2 protein chains.
Amino acid sequence: MKISTFNLIISLLLVAGFAQSQPPRGPWVISPEVYADKSVTFRYLAPEAQVVKLSGQFLKAPSPMTKDAQGIWSVTVGPIAPDIYPYNFQVDGISVMDPANVAFFPNERFKASLVDIPGDTPLVHALKDVPHGTVSYEYYPSVSGTTGSLVVYTPPGYDKNPTKKYPVFYLISGTTDTEETFFKVGKVNFILDNLIAENKAKPMIIVMPYGNVAARVAEQRGAAKPADPTSRDGDDAVSRARAFENDLISQVIPYVDKNYRTEATRDSRAIGGFSRGGGQTLRAAFGNMDKFAWVCSYSSYLSPAEMDKSFGQIGSQPDQTNKQLKLLWVSVGKDDFLYNGTTEFMEYLKAKKVDFKPYISEGGHTWMNVKDYVAKSAPILFR
Amino acid sequence: MKISTFNLIISLLLVAGFAQSQPPRGPWVISPEVYADKSVTFRYLAPEAQVVKLSGQFLKAPSPMTKDAQGIWSVTVGPIAPDIYPYNFQVDGISVMDPANVAFFPNERFKASLVDIPGDTPLVHALKDVPHGTVSYEYYPSVSGTTGSLVVYTPPGYDKNPTKKYPVFYLISGTTDTEETFFKVGKVNFILDNLIAENKAKPMIIVMPYGNVAARVAEQRGAAKPADPTSRDGDDAVSRARAFENDLISQVIPYVDKNYRTEATRDSRAIGGFSRGGGQTLRAAFGNMDKFAWVCSYSSYLSPAEMDKSFGQIGSQPDQTNKQLKLLWVSVGKDDFLYNGTTEFMEYLKAKKVDFKPYISEGGHTWMNVKDYVAKSAPILFR
């Protein structure tokens, strides 16, 4: 017998985390299990559930799962095209993260897990044996006396070159995403590590702020939680966009320029964003042409009416715009529900003779596309 | 009408993140809502569910919730004693995180959300207006050619004092916790920020490694996912403990000493851990007395039999042990299921005349207690 007292203690420590009031844990579940042929088995323990389905961005429709004698539901799907996909389980009609998987999608409204299908050659976001940058969580003095948080990528070697200064890319995620989403789902740190290792992108700092500043301010000041940030209420939506821009310009950029070794000029400052973050990007860039020379709009746009109303000088003085903006990147997927709006924005820019770099991809309004857009646009920055 | 095209676009961007195959989102849900009197309303949208209960470490038993006309289940509980608590919803018998709450408990086996009830005077982990340190995610060369990840706290001013060196506290979380748990649930960054601001703790670096190295190695090398890490299988449990210790000593500490400005001596190196991490702490410390002078075991222990078998010199040569260890902290809660084992460990140390600092608290095997233990032991370190 090799089962020592120590080992018995180890076994006792299994209930480390959570409440005594939880349902019994039951058997150990492995999920997801990714096979060499890129098929994947998903498993979920729910002995009492009636109907369990797998929902994921690699599926056209939820896939029914079947229950074994232990109460573990499972389904094997694929092969799946290599990428990182959000998924969850639909358990008797409710959406549930995969309890056996720590990879998750930070979001204020839904919970999803992530499955990573590796490519035969490593994908652009793969964890490779190259020098790695660091991702840091920073707390900064934000507007109205509140404390904000930033996620900041510094490139490999940042700490080893104590005099070198770097350009900065501000990167803003979508509605109900958080400041963690570009890190945890977008994998911008690994994308940049890989691009830099191959000399395809300039070493840069990437700053990921939180998009819904108005909500954080309200919460920290003890005010009632703000209304639905996805609502179409006009004044409220504009005031939220302004709160973000004001915080970015007056607090975030000065904090970053003070606390990181930045090239603190417009020519060394880029801004990009996805979805709502793309709208915030265009507003912040067009409204502060002294601050940003490089602009990336991923799956987002401003309407011609809004351009004429709020940023008329962009189109009315194209020579000046083209001189000031070293890059205006606009990308969207063919299946994106914002495809029409984005191509209309492209047509507007073309008619006004504003230079921009269009990229129409396959796929929809997804983080698979966001990774692709970052990987294709970051190499252009600061050149 | 102030609803401009831009605002309509904002509203369209609401579906930013996830699959078309998700159930309809339904009404906006605010949860949890913490009131000034420390009562809290929890809400969960599930029109088709039959029975929904709230489960949380502030409750003795799950609390039934009631459904409104929109299908939102809710319950108001409290007042609740100020602290951070894990909770989730039990929806027709399954455990579900709160979709409306981004604060979550990183764990490999269960999913829980976190609710933070502020104190009338700020608790030790509160986000206060003091200088803040930085929490960084690092990728390091681990054993067997794999890449490991670390979460690293650097104290306020670390980047401003380019010649100052700091002591290091290695901090290991429990079974099925991850390297993020001491950050996201334990709030060690805010605890240290606050202690340092009040001159109650020495500025230090805190390194939080991942405890289940064997599983990560297997996964990265494409091997089958390892067996249940909570199993009591003897050889497997010991081999897992050794894999962690080997990685810590041969890879993690050299990486940290190379990449951070550390005082790289045993007198300036502490190790602590919770639950399984406490067992790993005691083994790593007693097995490597040249590496650590400060040792903190939170809600954990080694049995007298295991002490005699594997670490006999600790008790047989107490004068040497007491000279080498500047602190041996052992704490446990009165309701902890490891209370008897931990007090037996204390009795063993006492009988052997090994100096240690005991602390018996109220409560059980919880992260509320872990925060308390960190807050009370960190001030003693490196003095």
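Tyr139(B) is buried at a relative accessible area of 13%, where buried means under 20%, exposed over 50% and partly exposed in between, with a 1.4 Å probe and protein chains only. This is a predicted model, where local features need pLDDT of at least 70, side-chain atom pairs count only at pLDDT 80 or more, and totals for chains, interfaces and linings use all residues. Residues are numbered from 1 along each chain as its sequence is written, chains are lettered from A and ligands numbered from 1 in the order written, and side-chain values use heavy atoms, leaving out hydrogens and water.

**Aromatic pairs**
- Over all chains there are 43 aromatic pairs; rings of Phe, Tyr and Trp (its six-membered ring) pair if their centres lie within 6.5 Å, and planes under 30 degrees apart count as stacked, over 60 as edge-to-face and the rest as tilted.
- Phe190(A) and Tyr139(B) make an edge-to-face pair, because their ring centres are 4.9 Å apart and their planes sit at 65°.
- That pair crosses between chains, running from helix 3 (residues 188-197) of chain A to strand 11 (residues 134-141) of chain B; helices (H or I, at least four residues) and strands (E, at least two) are DSSP runs, numbered from the N terminus.
- Phe190(A) is buried too, at 9% relative accessibility.
- Ring pairs also tie Phe42(A), Tyr44(A), Phe58(A), Tyr85(A), Tyr87(A) and Phe89(A) into a cluster.

**Sheet in chain A**
- Strands 2 (residues 40-45) and 6 (residues 72-77) of chain A pair antiparallel over six bridges; pairing takes at least two DSSP bridges between two strands.
- Phe42(A) stands opposite Val75(A) in strand 6 of chain A.
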